[in-house]
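Please look through the points below with the structure open beside them. They cover a few charged residues, a strand pair and the nonpolar cores.

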Amino acid sequence: MAEEKNTRPTWDEYFMEVCRTVAKRATCDRGKSGCVIARDNQILVTGYVGSPTGLPHCDDVGHLMRKMIHADGSISQHCVRTVHAEQNAICQAAKRGIEIAGATVYCKMTPCRTCAMLLINCGIKRVVCEMHYHDEQDSLNMFKEAHVQIEHLNDETQTYSNM
């Protein structure tokens with residue numbers, strides 16, 4: 001009987017799997033997103049979707065929904081109680097004095113417009129997403145203009161209930 005060969009994941013696969021694990025800590029069940037920021041094949045910081053420190057979580061008190069009007073005129077509902085995973089990862093780096101310039105971000109979906117701007121300003125050079133975000137065009141345009149490489153591991157688009 002032949003032995004099964006152990007296949008090591010690529011670095012992108014490895015960090016994305018860590019990202020999925022980090023997302024399990026999320027306190028808003030709509031997105032359950034996580035984020036890993038890595039450089040030179042080392043994890044620098046992680047973050048997940050959650051309310052600001054000391055404030056109530058969606059999982060405990062419910063969502064804080066707001067209507068959003070998108071560039072194409074469509075309207076959707078978003079929970080605004082939580083801080084995005086990418087934002088929380090950036091905050092962790094700032095709190096701990098960890099430089100993230102030149103790093104790669106691993107996240108569940110294309111970062112929103114605000115997260116994209118923050119990542120660009122932090123000097124992030126590459127973003128790896130598990131899937132697309134339904135309102136991603138502004139982010140994709142900014143990443144391209146700022147010369148930030150963005151990759152999607154699959155062509156699925158994140159959808160939410162009660163959009």
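**Notes on the predicted model**

1. Helix α3 spans residues 85-96, and E86 sits in it. The coordinates come from a predicted model. E86 is buried but forms no salt bridge. K108 is the nearest side chain of opposite charge, and it is 11 Å away.

2. What does E86 touch, leaving aside residues up to four places away in sequence? The list is C35, C107, M109, P111, C115 and L119.

3. K95 is also part of helix α3. Buried or exposed, by its relative accessible area? The value for K95 is 59%, and since the cut-off for exposed is over 50%, K95 counts as exposed. K5 is 90 residues from K95 along the chain, and the C-alpha atoms of the two are separated by 42 Å.

4. E99 belongs to the loop that connects α3 and β5. With a relative accessible area of 55%, E99 is exposed, because the class begins over 50%. Residues up to four places away in sequence aside, E99 touches R39 and L44. Between E99 and G123, which are 24 residues apart along the chain, the C-alpha separation is 9.4 Å.

5. Strands β6 (residues 126-131) and β7 (residues 149-152) run parallel and are joined by four bridges.

6. The largest nonpolar core holds 24 residues. Which of them have the most contacts inside it? They are I37, V105, I124 and V127. Two or more residues of this core come from each of β1 (34-39), α3, β5 (104-109), α4 (113-122), β6 and α5. Helix α3 gives the largest share, four residues.

7. V127 deserves a look of its own, as one of the residues with the most contacts inside the largest core. Beyond residues up to four places away in sequence, V127 touches V105, C107, P111, F143, V148, Q149, I150 and E151.

8. Another core, of eight residues, lies apart from the largest one. Its members include F15, M16, A38 and V128.

Terms used:
Residues numbered from 1 in each chain as written. Predicted model: local features only at pLDDT ≥ 70, side-chain atom pairs only at ≥ 80, totals over all residues. Heavy atoms only, no water. Buried < 20%, exposed > 50% of the residue type's maximum accessible area, 1.4 Å probe, protein only. Lys, Arg positive; Asp, Glu negative; His and termini not counted. Salt bridge = Lys/Arg side-chain N within 4 Å of Asp/Glu carboxyl O. Contact = heavy atoms within 4.5 Å. Pairing = 2+ DSSP bridges. Core = buried A, V, L, I, M, F, W, Y, C linked by side-chain atoms within 4.5 Å.
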